[in-house]
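Subject: Structure for you to look at

Hi,

Here is the structure I promised to pass on. Have a look at it first, then read my notes below.

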Amino acid sequence: MTTAQTPRVAIYPGSFDPLTNGHVDIIERGSRIFDSIVVAILANAEKAPLFSEQERIDMIQDVFKGRANVKVETFNGLLVDYAQQKRASVLVRGLRAVSDFEYEFQMALMNRHLAPGIETVFMMPAEQYTYISSRLIKEVFTLNGTISGLVPPVVEERLRAKKKTSL
Ligand code: PNS
């Protein structure tokens, strides 16, 4: 808690299609620093997701079950509007490599322009996760490469199930 006893809520926004061990690492780190962290899945994104919103919620909830300060929700519209609704003062984003920087820098500054009271905090995942992205996980899995150790077991199971049903 902060000195005024106001819980410090952080939002960790993203597509999470699907959750990777890099995301898990950032959520773990955030949950140790903030009173609570809301994993906020962007709903109705333009790109067609592999997993439905509900499937993504289920997988993240499964990984963090029993962790009272990790919540999972979906959001629509502007991220800063959603953060204000949740009375969150912090947006958490993971930074894996220099290549992430430009996009993240633009988003952080645009969000600050829109809502100066909300701060973006960047966190680096453990080095073994710095090359992982949801996009690469989907590509490698589709092409029969191994993704063990790169995503939580529940995500691997769901990917397998999806492959079976789409055959
Ligand atoms: O996992 P992603 O795809 O990198 O996450 C991007 C996300 C969801 C954080 C971003 O697209 C977003 O915040 N979208 C909500 C709409 C919004 O607020 N746009 C202006 C951000 S500068």
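By class, how many nonpolar, polar and charged residues does the lining of the largest pocket have? The lining has 22 nonpolar, 14 polar and eleven charged residues. Before I go on, keep in mind that this is a predicted model.

**The pocket**

The largest pocket has a volume of about 1,300 Å³. Its lining is made of 47 residues, and those nearest the centre are Gly14, Ser15, Lys47, Arg93 and Tyr103. The top contributor is α4, which gives nine residues to the lining.

**The ligand**

So where is the ligand? The space it takes is the largest pocket. Two elements give two or more residues to the shell around the ligand: β1 (9-14) and α4 (98-114). Here too α4 gives the most, this time with four residues.

In total, 14 residues surround the ligand, and the closest are Gly14, Ser15, Gly77, Leu79 and Arg93. Sorted by class, the shell splits into eight nonpolar, four polar and two charged residues.

- Ser15 uses an N or O atom of its side chain, at 2.8 Å.
- Leu79 uses a backbone N or O atom, also 2.8 Å away.
- Arg93 uses an N or O atom of its side chain, at 3.0 Å.

How much of the ligand does the protein bury? Taken alone, the ligand exposes 550 Å², and the protein buries 75% of that.

**A loop to check**

Now move to the loop between β1 and α1, where you will find Phe16 and also Pro18. Two backbone details turn up there. Phe16 has a positive phi of about 50°, although it is not a glycine. Then there is the peptide bond from Asp17 to Pro18, which is cis, with omega near 0°.

After that, follow α4, which gives the most to the shell around the ligand and the most to the lining of the largest pocket.

Key: Residues numbered from 1 in each chain as written. Predicted model: local features only at pLDDT ≥ 70, side-chain atom pairs only at ≥ 80, totals over all residues. Heavy atoms only, no water. Near = heavy atom within 4 Å. Polar contact = N/O pair within 3.5 Å; in protein donor to acceptor, adjacent residues only side chain to side chain. Areas by Shrake-Rupley, 256 points an atom, 1.4 Å probe, with all protein chains shown as cover. 1 Å grid on protein atoms, 1.4 Å probe; cavity = no way out; pocket = protein on both sides within 12 Å on 5 of 7 lines; lining within 4 Å. Sits in = over half its atoms within 2 Å of the grid points. Nonpolar A, V, L, I, M, F, W, Y, C, P; charged D, E, K, R; others polar. Points joined across faces, edges and corners; volume = space filled by probe spheres on them.
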